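Here are a few notes to read alongside the model. Have it open on your screen as you go.

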Amino acid sequence: MLHLILASQSPARTKLLAEAGIRHTVLVSDVDEDAVQARYGVTDPHDTALLLARAKAEAVASLPEAEGALVLGCDSVFEFDGEAHGKPYTADVARERMLRMSGSAGVLHTGHWLVDCRDTDDDGTAGRGSGATLGAVASAEVSFQEMDPEEIDAYIATGEPLHCAGSFTIDGLGGAFIRKVDGDPHAVVGLSVSTLRGLLAAASVRITDLWPPR
């Protein structure tokens, strides 16, 4: 039976996969995101999302627990006014960002990286596994409603935006402040199921093979 490992600790990502009927387990990587970015010097938000997704996937793929599995790494970066915004972590950073975002729009980039850890033929050609290691980015423009300072402070007080790329969610309390999304809404949650389908296809796997047996 096919085994998909999600290399992410995000509850939103695993919930999304579960709701899409995709069997998976979670194995969190120990990747130091700041160290990875410092090493490669990537400044473009699109490329940063893909780089971090790859680092997470490859870190988990190197573990004994990943043998025979498909490993998916994901990472999201919010691009606003040409700047890359990851998780704010502090209330002050979240407040400054949200005041700027009020009534404006930015682009949420979610990087996906898939590593096929299943066995291949001895000669390296595709056998049961494809040996694939490949990625893609799904992006969506997010437009925000006007937010007054009291609303922003109340939202920050919940703690929700502190650990989300861009300081907001679409599938939680933050959804009240989003006016519209142009692009794949799943990418804004943190994992594009249609992008995953494409990556799996490149590894000669149908996404329906990960649905529960009927």
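Predicted model: local features only at pLDDT ≥ 70, side-chain atom pairs only at ≥ 80, totals over all residues.

1. Residues are numbered from 1 along each chain as its sequence is written, and side-chain values use heavy atoms, leaving out hydrogens and water.

2. Searching the whole structure turns up five aromatic pairs (Phe, Tyr or Trp rings, six-membered ring for Trp, with centres within 6.5 Å; planes under 30 degrees apart are stacked, over 60 edge-to-face, the rest tilted). F78 and F144 are edge-to-face, because their ring centres sit 6.0 Å apart with planes at 85°. This pair joins distant parts of the chain, 66 residues apart: F78 is in strand 3 and F144 in strand 6 (helices, H or I, of at least four residues and strands, E, of at least two are DSSP runs, numbered from the N terminus). One aromatic cluster takes in F78, F80, F144 and F168.

3. Now look at helix 4 (residues 91-101), where A94, R97, M98 and M101 are buried. They lie on the same side of helix 4 because their arc around the axis is only 95° (taken from the directions from the helix axis to the C-beta atoms). Their cover includes strand 3 (70-80) and strand 6 (133-144).

4. A66, in the loop between helix 3 (45-61) and strand 3, counts as buried because its relative accessibility is 0%.

Terms used. Buried < 20%, exposed > 50% of the residue type's maximum accessible area, 1.4 Å probe, protein only. Contact = heavy atoms within 4.5 Å.
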